[in-house]
Amino acid sequence: MNERIAHIALLVDDYDDAISFYTERLDFHLIEDTLLTERKRWVLVQPRGEGNCKILLAKAEGAAQKSVIGNQTGGRVFLFLYTDNFDSSFQKLVENKIEIVRPPLDQPYGKVAVFADLYGNLWDLIEPAK
């Protein structure tokens, strides 16, 4: 049996703002943007590279979902973006005016920095230790 996580849903306030952030500022690839209903779309983005899990940009509906946009994990780092060139990837974040929450640190598991997406979700940028 071969199992894998294919998508992770990320609540967003607006499809187009989220697509713009992820494709233009994080340089992710827009995989799919399909209209499902008058209000609902199936929007998948993913980092450039092989075998990456996709993010389903899911527009929040109702007060309960809207209340946790940007805080789906109670303030913890939510997503982990691996890179094979930390310095270049980090510089791209800075150039694209991505909010850096914690500056780069060398850890036993690799080099890491924390950044926030347009809604405040926390991400680790990590270059794993060799």
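Colleague: Which pattern does the protein follow, read along the sequence?

Modeller: This is a predicted model, where local features need pLDDT of at least 70, side-chain atom pairs count only at pLDDT 80 or more, and totals for chains, interfaces and linings use all residues. Residues are numbered from 1 along each chain as its sequence is written, and side-chain values use heavy atoms, with hydrogens and water left out. Helices (H or I, at least four residues) and strands (E, at least two) are DSSP runs, numbered from the N terminus. The protein has 3 helices and 8 strands, in the order β-α-β-β-β-α-β-α-β-β-β.

Colleague: Why does the protein count as being as compact as a globular protein of its length?

Modeller: The globule rule is 2.2 Å times the number of residues to the power 0.38, and the radius of gyration is taken over C-alpha atoms. For 130 residues the rule gives 14 Å, and the protein is close to that, so it is as compact as a globular protein of that length; its radius of gyration is 15 Å.

Colleague: Is E127 buried or exposed?

Modeller: E127 sits in strand β8, residues 122-128. Buried means under 20% relative accessible area, exposed over 50%, partly exposed in between (1.4 Å probe, protein chains only). E127 has 19% relative accessibility, so it counts as buried.

Colleague: Which side chain makes a polar contact with that of E127?

Modeller: A polar contact is a pair of N or O atoms within 3.5 Å; within protein, one must be able to donate a hydrogen and the other to accept it, and residues adjacent in sequence count only if both atoms are side-chain atoms. At 3.4 Å, the partner of E127 is K130.
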